[in-house]
Each structure stands twice: as C-alpha cells, then as structure tokens.
Amino acid sequence: MNAGDRVRVDRADQTYEGVVLPSSTREHIVVKLEGGYNVGIDREDASVEVLESGVHEIEDAQTDDGAAGRTEVSFDSDLPTIALISTGGTIASTVDYRTGAVTARFDAEDVLRAVPDLAGRANYRGRVVANILSENMTPDVWQELARAVHEEIEAGADGVVVMHGTDTMQYSAAALAFMLDTPVPIVFTGSQRSADRPSSDNVMNAVCAVEAAKSDCAEVLVCMHASESDDVCALHRGTRARKNHTSRRDAFETIGAKPLGEVEYADAGAADPGGDETVDPTGAGVNFRREHAQRDEIELALHDEIESNVDLVKFAPGMNERIVETAAEDASGLVIEGTGLGHVNTDIVPILEDAVDDDTPVVMTSQCIDGRVCDRVYDTGRDLLDAGVIEGEDLLPGTATVKLMWTLANRPDAVAETMRTPIGGELTERSTPWE
C-alpha cells in the first residue's frame with residue numbers, strides 16, 4: 001500500500017473507501033474520503049484492501065518508507081517576484097492525526113507545494129517568520145514580520161503575500177500599515193477552512209492574493225473571499241478590515257466603505273490546464289474602485305518600534321470600575337470601546353481623567369460597527385473631552401489599539417495629533433451612509 005492507492009479500510013463496524021494520503025506517522029493510515037474529508041486510522045486496528053494502485057499521483061509527499069520528496073521552484077525572468085511569508089494559521093495548517101485537530105505545521109514552501117495553482121503566476125521566495133496560530137500573535141512578532149517584509153522588498157520583491165491566521169489578521173495588517181512605508185503591495189491572506197475540507201478557501205485566497213501582490217496598489221491589503229461563492233476575493237485596506245463572522249468564507253468586511261478593490265478568480269490569469277496558454281504576469285483580474293497609493297509612489301522605510309503595553313477595554317453597563325482603574329494604572333496607553341458616539345458611565349470619567357493627568361493617553365472609540373466618535377453632543381462626551389480623552393474619530397477599536405502602540409513608540413510627543421491624523425488609511429475624512 002502506497003500513497004495514491006485507492007483502498008477499503010475496515011475498522012470495527014465501520015468501512016472507509018478513499019485514496020491513501022501521506023501520513024505524519026508510521027502508525028496511522030490517512031485516507032481522503034469521497035466527500036473530501038480526511039480520516040486517520042490506527043494501522044493495528046484496521047484491515048486494508050488495495051482496490052486500485054496508483055489512481056492518484058501524490059507528488060512531493062512523504063512515502064511509506066519515510067522518504068521526503070522535494071520540489072524546485074524554477075525562475076522565469078518574465079515574471080514578477082513575490083515573497084511568500086508564512087506566520088502560520090489555517091491557510092498553512094494540516095491535520096494532526098494524533099489529535100484529529102488542525103495545527104500549524106507548513107512553512108511557506110509547503111504552502112506553495114500545497115497550492116499548485118500558484119505555479120506560473122510569479123517567481124516565489126518562501127520565508128517563515130512564525131509558525132503559530134493567530135491567537136498567539138504578539139507585537140514582537142509584528143516587528144519580526146515588518147522587518148522580514150522590509151528585507152524582502154529591499155532585496156527586490158515586486159510584492160509580498162503574508163500567510164496569516166484570520167482571527168487576528170486585522171491587527172497584524174494594521175501594524176504593518178503603520179510600520180512600513182511601502183512601494184509595493186503587501187497582501188495578507190488566510191483561510192477560514194483548512195485544506196482537508198472540501199469547502200476550503202485556501203487555494204482561491206492564495207491565488208487572488210498573489211494576483212493582488214502583482215498589482216499597482218502599494219498598500220497593506222487583506223485579501224479574502226467576497227462571497228460564499230468561489231468567484232471574487234475582496235481587497236480590504238489593512239487598517240479598515242474587520243472579521244465579522246466566525247466561520248463564513250466571506251467573513252471580512254471593509255468598515256465604513258466598500259472594499260478598496262477585488263480580484264476576479266475566474267480571470268485571475270489561470271492557464272488552460274490542457275493547453276499551452278501562459279499566465280498573465282500583470283495581475284489580471286484585479287480591479288480597484290477607490291483611490292489608493294500607487295506602486296513606487298513612495299520610498300521604502302521601516303518604523304518598527306512598538307509600545308506593547310496598551311490595553312483595549314470595552315465598556316459595558318454595570319462593569320466593575322476597577323477593571324478600568326487597573327488598566328489605567330498599569331498601561332502606557334488605553335483605548336476605550338465606548339457606547340454610541342463614544343460614552344462610558346459617568347463614574348468612570350474621573351478614572352480616565354486621572355490617567356490622563358498621569359500622562360497615560362486615553363483614546364475613545366465606539367462599539368458600533370460603523371460611524372465615528374463625537375463627544376460634543378452629550379454631557380458625558382463633553383466631560384470626557386474636558387478630562388483630556390482623545391476622540392478616536394472612526395478608528396476601529398483594534399486599529400486604534402495598534403496605532404496607539406505605534407504612536408507611543410514613534411511619536412510620543414504628538415500622541416493626540418497623530419491619533420487624529422491618517423497614516424495608512426485608517427481614518428476617513430467624514431462618515432456618510434454608502435450603498
């Protein structure tokens with residue numbers, strides 16, 4: 001029995017039929033079922049019958065004798081060079097057959113081998129910055145990531161694709177938008193569903209991200225499914241993106257506007273599998289509907305200092321005031337996610353005033369998904385302004401937190417001014433209803 005064989009596996013009172021996949025251990029058989037899911041089975045507990053040998057050619061994989069296959073990525077001088085940087089996450093995950101859970105295991109080159117549709121679209125350089133699930137992301141890793149991206153662009157990369165877990169992608173994208181002045185696209189992408197699932201979005205998202213990285217938009221972008229269908233990926237500005245659903249493939253939205261652009265998957269330069277047609281290297285299928293920074297418009301620069309001791313506190317009716325007090329005492333900066341136009345209980349206002357008096361900047365944002373803070377309408381808001389609280393305009397709370405971290409480290413003498421000044425498209429001039 002070898003990888004690629006079609007088999008029938010009998011175990012206890014269950015029977016499985018499918019194609020044998022490479023296994024991470026000798027003790028397990030991994031079978032790709034008809035429905036697209038994988039199942040791992042202990043060899044000792046199973047009876048295996050080979051129905052057909054070699055029905056699928058499994059390339060670049062580990063065989064039964066434990067030999068690891070390798071691939072070489074050829075260089076084509078007619079194609080742009082895209083740096084693929086992996087931080088982990090579902091798009092770079094596989095199944096751990098010991099636990100049955102998904103775990104981050106692939107490096108960037110593994111991702112390239114796992115998504116053969118990327119071949120012929122660009123020349124690739126693979127690099128691993130971290131191999132973590134995104135809930136384990138930290139400001140220290142943001143710094144490592146920013147430095148890695150800076151080095152890749154400095155070395156001649158025409159664009160960068162960052163493979164990242166979706167849960168904290170918006171934070172990391174915002175961080176790089178503040179840390180880097182970039183002359184080329186930096187595109188974050190991930191997947192909501194792992195590669196072993198038939199509904200996985202990893203291939204389309206990766207392909208569309210590469211196409212976006214070849215475009216003329218020199219900004220930090222988030223590239224994810226625009227709908228539940230496999231037709232279009234939306235391009236969100238990194239500082240305005242928000243994950244709005246736990247598991248839908250179109251979980252990400254641009255808050256306060258339509259996405260910056262989109263990539264049509266069907267037109268993303270894919271070659272005819274049965275023909276000699278080559279992939280269009282220019283970023284075919286990428287369309288922008290709003291103004292954006294142009295490729296080579298600014299010079300590459302790195303501003304990677306960060307003050308990580310910033311807390312984000314969400315106000316709720318009846319909350320223990322000590323939570324705010326403790327955060328204000330311990331943090332170098334504080335972001336409040338207030339109600340409506342930017343309010344908290346009046347009993348909390350003196351706590352925030354004391355924090356400001358102790359040189360701890362406090363930025364007010366809103367729990368509302370859309371709109372902007374305005375503390376000039378109601379008495380509580382005016383009291384907050386009198387206390388020295390900084391209006392966060394229409395900053396997303398997460399983006400405000402990242403920006404305050406960056407501001408405290410890079411512009412400590414102009415915190416209020418910087419928080420109200422757009423740097424990476426995080427602030428809009430005015431909030432208006434849109435269709």
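# Patches, burial and strand pairing

Tutor: Helix 6 (349–357) and helix 7 (379–386) each supply at least two residues of the negative patch. Helices (H or I, at least four residues) and strands (E, at least two) are DSSP runs, numbered from the N terminus. The model is predicted: local features need pLDDT of at least 70 and side-chain atom pairs count only at pLDDT 80 or more, while totals for chains, interfaces and linings use all residues. Residues are numbered from 1 along each chain as its sequence is written, and side-chain values use heavy atoms, without hydrogens and water.

Student: Which residues form the negative surface patch?

Tutor: They are Glu353, Asp354, Asp357, Asp358, Asp359, Asp379, Asp383 and Asp386. Patch residues have over 30% relative accessible area and no salt bridge, with like charges joined within 9 Å and nonpolar side chains (Val, Leu, Ile, Met, Phe, Trp, Tyr) within 5 Å. A salt bridge is a side-chain nitrogen of Lys or Arg within 4 Å of a carboxyl oxygen of Asp or Glu. Asp and Glu count as negative, placed at CG of Asp or CD of Glu. Areas come from the Shrake-Rupley method with a 1.4 Å probe.

Student: What makes the nonpolar surface patch?

Tutor: Met1, Val48 and Val50 make it, with an area of about 190 Å². Val48 belongs to strand 5 (residues 47–52). Its relative accessibility is 34%, so Val48 counts as partly exposed.

Student: What is the phi of Ala12?

Tutor: Phi is near 55°, a positive value in a residue other than glycine. Ala12 sits in the loop between strand 1 (6–11) and strand 2 (14–21). Its relative accessible area is 75%, so Ala12 is exposed. Glu393 also has positive phi without being glycine, near 50°; its loop runs between strand 23 (390–391) and helix 8 (397–410).

Student: Why is helix 3 said to be largely enclosed by the rest of the structure?

Tutor: In helix 3 (residues 169–179), 10 of the 11 residues are buried, so the helix is largely enclosed. The buried residues are Met169, Gln170, Ser172, Ala173, Ala174, Ala175, Leu176, Ala177, Phe178 and Met179.

Student: What puts strand 13 in that class?

Tutor: Strand 13 (residues 220–225) has 6 of its 6 residues buried, so it too is largely enclosed by the rest of the structure.

Student: How do you know that strand 12 and strand 13 pair?

Tutor: Pairing requires that DSSP finds at least two bridges between the strands. Strand 12 (residues 186–189) and strand 13 have 4 bridges and run parallel. Phe188 stands opposite Val222, and Thr189 has Cys223 as its bridge partner.

Student: What does strand 13 form with strand 14?

Tutor: The two strands form a hairpin with 6 residues between them. Strand 14 (residues 232–237) is joined to strand 13 by 5 bridges in the antiparallel sense, and Val222 stands opposite His236.

Student: How many bridges join strand 10 to strand 12?

Tutor: There are 4 bridges, and strand 10 (residues 159–163) runs parallel to strand 12. Met163 stands opposite Thr189.

Student: What order do the strands of the open sheet take?

Tutor: Its 4 strands are ordered 20-21-22-23, with parallel pairing. Strand 20 (310–314) and strand 23 are at the edges, each with a single partner strand, so one side of each has no neighbour in the sheet. Strand 21 (residues 333–338) and strand 22 (residues 362–366) pair over 5 bridges; the bridge partner of Val335 is Val363.

Notes:
Buried means under 20% relative accessible area, exposed over 50%, partly exposed in between (1.4 Å probe, protein chains only).
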